[in-house]
Amino acid sequence: MKKMTLALMGAAMLTASFAGTAFAAGKTIAVSWKTFQEERWKIDEAAIKGAVEAAGDTYLSTDAQGSAQKQAADIEGLISQKPDVILVVAFDSDAILPSIQAISDAGIQSIAYDVQFEDPNALYITFDNVGVGRIIAREVSKVKPEGRYAFIKGDKGDPNATFLFQGMMEVLKPSIDSGKIENVCETFTDGWKPDNAQKNMEQCLTSTDNKVDAVLSENDGMASGVVAALEAQGMSGIPVGGQDGDLAAINRVALGTQTVSVWKNATNLGETAAAAAIALANGTAMDAIKGVGKFSGGKKGVEMNSILLEPTPITKDNIGVAIDAGHITKAQACAGVAAGTVAACN
Amino acid sequence: MSTQDSTALSQASEKDAQPSALSRFLTATEIDTRMLGMVAALFAVWCAFDIYSGILRPNDGLFGGAFLTPRNLWTLLVQTSSIAVMSTGMVLIIIMRHIDLSIGSMLSLVAVAGAVLQVYIMAPAIGVGHPVIWIVAIIACLVLGTLIGALNGYLTAYAQIPAFIVTLGGLIAFSGVAFLLAKGVTVAPMDKTFKLIGGGVPASWLGPFWSWVLAIAACALIVFAVINGRSQRKRFKFPLRPVWAEVTLAAIGSAAVVATTWVITSYPWPFGLIRRYALENNITIPAGVENRDGDAICMAGEKIVRCTEGLIYYTGYAVPVLVALGVGAAMTFVAGRTRFGRYVYSIGGNPEAAELSGINTKMMTVKVFALMGFLVGISAVISSARLDAATNALGQLNELFVIAAAVIGGTSLAGGIGTIYGALLGALMMQSIQSGMALLNLPAAFQNIVVGTVLVFAVFVDQFYRRRVK
């Protein structure tokens, strides 16, 4: 085994010296995961592992189990195995920086996968989170261009909650300024929890005497709470936006109680990252990789090379996309849907 | 202030000075002054929220705000029910000098298990909406909760691991199991009948008639309890309350029931639901004049509009609130009137003495934890039915609110002291603060600060009060 690794590493060094030549196989791509607590990371891993192994390269991984300390140790361990590229899903985007420095010092390339850390040497690959907010707002305002909007935001401690809201406001700002759209409620939700979102929505409806025309929720879990609160007031069916492509949310889209669920196809993200990692391992310059642009929207404004993927809005018209991708079965998506109301369910 | 009070107290104890009318009244009726303080604090908080929300956005509350409206108070009760149910069990656990930190995770586990059972297993097998589904799902939740609780109790009593550690382990482990059960996805939607327990649909609202029937029954029960209590005291030659005090107690209790019922039954169905119900059941809608402030519906020509005098329905008590009230009554009975309850208090007061007097304290520990698990099962049904979905995020950190409710309600962490009604009031207080601040659109960070401060302050006041009474 050890011999084989040595041989592989030898081959890797050899190919590294012929950077950009046809010798693609034999590289090692490592990933430091922050956690597998949420289901989606397994989907990401399957995509990356599949793409890396299909290219004949080796896949290594560690799981930090939600601890910044363990992640630092994990990365030290990975560096000592001398991979070509390390993808890092940072648990803490500041605490990770010394580890990223160590990666660069060892002459290894790093990729910030889905979670940003601000190191100019790393490539940042993620879904455009501001874009997700933009899409939620765009899809809902298409259905309801004028009226009283409620905003159910995520946890106050999560930067994504702010990015998402920022994106929504980019789209809605003109209408808010001209008075077409009024912001009647805007609350953060502790821990992104659906039951908290339900309570917040109930209080919003009470305080406005049900005068709400559309709700923008920052994820699908919270949207389930919002829809339950609306249902209790006989208001289900007003436009509600969310994101994540939750199976239950896609079903709600089919049923008509939710307007849009913006779906970040994790397989797509994983495959893109794996392709970028393989290209880096083969010596392609970072800014020469397909789709790379500059990004400096982080906390400290550090300019980084980045690939921002556009997520897919799932509405009544294109539920088939998620079914075809194997994300959800037709039976799950169409449970309880009246015949003939949704094309993909027929 | 405090020196004046203590002199007043010492004078009273010397029996020289005549006690004030209020203190004579309190002694005669034996009303818990602590509870009186809590009720007063609760009303003060409610009024403050109503006034403040009225300043921000005028509404038709008692002081012009949105808090003291039938609608908000109705919602408040529904929002409180899940925590309230669990807090009654937590009181007994804390009285026995234990703690249960695992209930939040246990709730997610039980809720997800119940949801997986109905959505993924039973619905495909016997058809969506089959009446067996909701019955089996509820029983499964209750049994699972009881078993997990019993396991906690067994490890605490027989394996002699401190309850703090056992349930801390549970807090971490159960959420993991909940995650694995549904692979992290949200399981939805719940069975139609199962959903009634959440109180989100008209079929789960009692309506004015049955609400009043229930209220009258409750009043009769209060009168019966007072009369029965008096005859029991006579039988065992205990000192009796004066007759006027008994009458006053029955009157206050009944008045509280009538007032609550009156508020609850004056919240009309939301406009959209009245319209849908009328259309679905072919009910003729009376003609009338449009008035957007009205809660009823009328036909203005061909159009259905809101109006002041027309077709209207009122909600009445919602199922989860009834469940919580029923649990509260049953637990009050269990704690105060059964051997089980007396054992709990005596073990909490002095475990060694209780054991030496022949109480099987280990078995009692298992039973109390199992009872807690059973109540978590009920709350899991309420929460998942109310959300119409179950996820591993549901119920997380609920243990903190439940423990806080019990503690605000006067349960002493030193053991031996605590009441069920105190915990229910504590739960209502916690939810009032949260809902009130959400109504004012205050940031969540601010809400956490206030809730935490109130918790510590309540215990401070309680300690101060107890020292003074001693």
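This is a predicted model: local features need pLDDT of at least 70, side-chain atom pairs count only at pLDDT 80 or more; totals for chains, interfaces and linings use all residues.
Q: How many bridges join strand E9 of chain A to strand E10 of chain A, and do the two run parallel or antiparallel?
A: The direction of a pair is read strand by strand. Strand E9 (residues 240-243) and strand E10 (residues 260-263) of chain A run parallel and are joined by three bridges. Within this pair, Gly241(A) stands opposite Val260(A), and Gly242(A) has Ser261(A) as its bridge partner.

Q: Which residues of E10(A) point one way, and which the other way?
A: Side chains are sorted by the face of the strand to which they point. Val260(A) and Val262(A) point one way from E10(A), while Ser261(A) and Trp263(A) point the other way. All four of these residues are buried.

Q: In what order do the six strands of the open sheet in chain A stand?
A: The order in chain A is E7-E6-E8-E9-E10-E13, with mixed pairing. Strand E7 (181-187) and strand E13 (312-314) each have a single partner strand and stand at the edges, so one side of each is left without a neighbour in the sheet. On average, neighbouring strands of this sheet are turned by 20° against each other, direction ignored.

Q: How many aromatic pairs does the structure hold over all chains?
A: Ring pairs are read from the distance between centres and the angle between planes. The structure holds 19 aromatic pairs over all chains. For Trp46(B) and Phe67(B), the ring centres are 6.5 Å apart and the planes stand at 45°, so this pair is tilted. Trp46(B) lies in helix H3 (residues 33-56) of chain B and Phe67(B) in the loop between H3 and helix H4 (70-95), so the pair ties together parts that are 21 residues apart in sequence. Both Trp46(B) and Phe67(B) are buried.

Q: Why is the pair of Phe460(B) and Phe464(B) stacked?
A: The angle between the planes decides. The ring centres of Phe460(B) and Phe464(B) are 6.4 Å apart and the planes stand at 25°, so the pair is stacked. Both residues lie in helix H17 (residues 444-469) of chain B, four residues apart, about one turn of the helix. Phe464(B) counts as partly exposed because its relative accessibility is 38%.

Q: Over which ring does the charged end of Lys153(A) sit?
A: A charge over a ring is read from its distance to the ring centre. The charged end of Lys153(A) sits over the ring of Phe165(A), 4.4 Å from its centre. In chain B, Arg306(B) lies over the face of Phe271(B), at 5.2 Å from the ring centre.

How values were computed. Residues are numbered from 1 along each chain as its sequence is written. Chains are lettered from A and ligands numbered from 1 in the order in which they are written. Side-chain values use heavy atoms; hydrogens and water are left out. Rings of Phe, Tyr and Trp (its six-membered ring) pair if their centres lie within 6.5 Å; planes under 30 degrees apart count as stacked, over 60 as edge-to-face and the rest as tilted. Buried means under 20% relative accessible area, exposed over 50%, partly exposed in between (1.4 Å probe, protein chains only). A charge sits over a ring if NZ of Lys or CZ of Arg is within 6 Å of the ring centre and within 35 degrees of the ring normal. Two strands pair if DSSP finds at least two bridges between them. Axes are lines fitted to C-alpha atoms, for helices over the stretch in contact, and angles run from 0 to 180 degrees between N-to-C directions.
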